Amino acid sequence: MSKPAMQLVNLKKTIGKKPIIKGLDFEIQAGEVFGFLGPNGAGKTTTIRMMVGLIDITEGDVLIEGKSIKTDFKGAIQHVGAIVENPEMYPFLSGWNNLKQYARMVNDVTEDRMKQVISLVGLENAIHEKVGRYSLGMRQRLGIAQALLHGPSILILDEPTNGLDPSGIREIRKYIRNLAEKENVAVIVSSHLLTEIELMCDRIGVIKNGELIAIEAVRSVQNDEALKEVFIEAEPLESAKIYLETQTTNKIGVTAKELSISIKHEEIPAVLKSLIEQGINIYGVRVLQATLEDKFFDLIGENTIE
């Protein structure tokens, strides 16, 4: 595997005598979208602020393209683009002139590069309008364009879909996936919208009370070996229930048209085959898939989400 785009190495933050971040260790690869999740006060924003040098690190380090944020800040941070909270723009200037103001502060940003990032975020038709007329989604996209101007290998987005309507959320998701897949940018997304994280991200890291409690591939949430709730529309229903009760100790439920049983995914064909062999007609099968929300609450417990 190639060198990680970013590494957190035993990262800690103490304020006074209170430990806030308690030794985070994980890596983020180029071209992946990494979701950073956790309940209120878990330490997500504190961690992101340490990643970009906005607050001091108490112990440990953040390595960006192999360079330490502590000992080589300038060398490390040149690889990072970030939006922490909301992007701030000059509302009386056009999108183009906002980007020109930012381009003056970094090296070697050409007009061709400006046009390239504008195209990446889909703002070609609005870039010469005043930002004060932009929708929230358009301002978020302009913020992403600004963060990408200097060609970073890592993009950090804190709540990028906050306040957006469903259309805006879908647009931002599309542009984030596009950046990762076509530009090979490592994207770190902190969000409360679990459904969006599930659609957007390749992996998630879950933080609770300043500790990393899990890193999961998003696809594995649906494909793990946990029991699935399987609903079978069968006739005669009562006969199907009686037969299955002789074959398993798993709980079997019955509604007006379906019976439900908790089994592993690979056991579903055998169960259906055995019912058919008993002369029971099967009219439909549906599987209640685990979601990222289910996994999240399994990891952190109930009543702790923001």
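Q: What is the mean pLDDT of the protein, and what percentage of its residues reach 70 or more?
A: This is a predicted model, and its mean pLDDT is 85, with 91% of the residues reaching 70 or more. Confidence is lowest in helix H8 (residues 218-223), at a mean of 62, and highest in S4, at 94.

Q: Why are H5 and H6 called roughly parallel?
A: The axes of helix H5 (residues 136-148) and helix H6 (residues 166-183) cross at roughly 15 degrees and come within 10 Å. Angles under 35 degrees count as roughly parallel, and H5 and H6 are therefore described as roughly parallel to each other. The crossing of H5 and H6 is right-handed.

Q: Which residues of H5 and H6 meet?
A: On the H5 side they are Gly137, Gln140, Arg141, Ile144 and Leu148, and these meet Glu171, Ile172, Tyr175 and Leu179 in H6. The residues of this contact divide into five nonpolar, two polar and two charged, where Tyr counts as nonpolar and Gly as polar.

Q: What makes S6 and S10 the edge strands of their sheet?
A: The sheet is open and has six strands in the order S6-S7-S8-S3-S9-S10, with mixed pairing. Strand S6 (80-83) and strand S10 (211-217) each have a single partner strand, so one side of each is left without a neighbour in the sheet. Neighbouring strands of this sheet are turned by 15 degrees against each other on average, if direction is ignored.

Q: How do you know that S3 and S8 pair, and in which sense?
A: Two strands pair if there are at least two bridges between them, and strand S3 (residues 33-37) and strand S8 (residues 186-190) are joined over four bridges, in the parallel sense. Within this pair, phenylalanine 34 stands opposite isoleucine 188 in S8. Helix H1 (residues 44-51) packs on the sheet and touches S3, S8, strand S7 (154-158) and strand S9 (203-208), while its direction makes about 150 degrees with that of S7. Angles over 145 degrees count as roughly antiparallel, so the directions of H1 and S7, at about 150 degrees, are roughly antiparallel.

Q: What is the strand order of the sheet formed by four strands, and which strands stand at its edges?
A: This open sheet has the order S2-S1-S4-S5, and its pairing is antiparallel. Strand S2 (18-28) and S5 stand at the edges with a single partner strand each, so one side of each is left without a neighbour in the sheet. H1 packs on this sheet too, touching S1, S2 and S4, and its direction makes about 115 degrees with that of S1.

Q: How many bridges join S1 to S4, and how many lie between S4 and S5?
A: Five bridges join strand S1 (residues 6-15) to strand S4 (residues 59-64), which run antiparallel, with valine 9 opposite aspartate 61 and methionine 6 opposite isoleucine 64. S4 and strand S5 (residues 67-68) pair in the antiparallel sense over two bridges, and a pair needs at least two. Leucine 63 stands opposite serine 68 in S5, and the hairpin of S4 and S5 has two residues between the strands, where glutamate 65 in the turn has a positive phi of about 50 degrees.

Q: What makes glutamate 159 and proline 236 worth a look?
A: Most residues other than glycine have a negative phi, and most peptide bonds are trans. Glutamate 159, however, has a positive phi near 55 degrees and lies in the loop between S7 and H6. The peptide bond from glutamate 235 to proline 236 is cis, with omega near 0 degrees, and proline 236 is placed in the loop between strand S11 (228-235) and helix H9 (237-247).

Methods. Residues numbered from 1 in each chain as written. Predicted model: local features only at pLDDT ≥ 70, side-chain atom pairs only at ≥ 80, totals over all residues. Heavy atoms only, no water. Axes fitted to C-alpha atoms, helices over the stretch in contact; angles between N-to-C directions. Contact = heavy atoms within 4.5 Å. Parallel < 35°, antiparallel > 145°, perpendicular 65-115°, else oblique. Left-handed = near helix turned anticlockwise from the far one by under 90°. pLDDT = per-residue confidence, 0-100.
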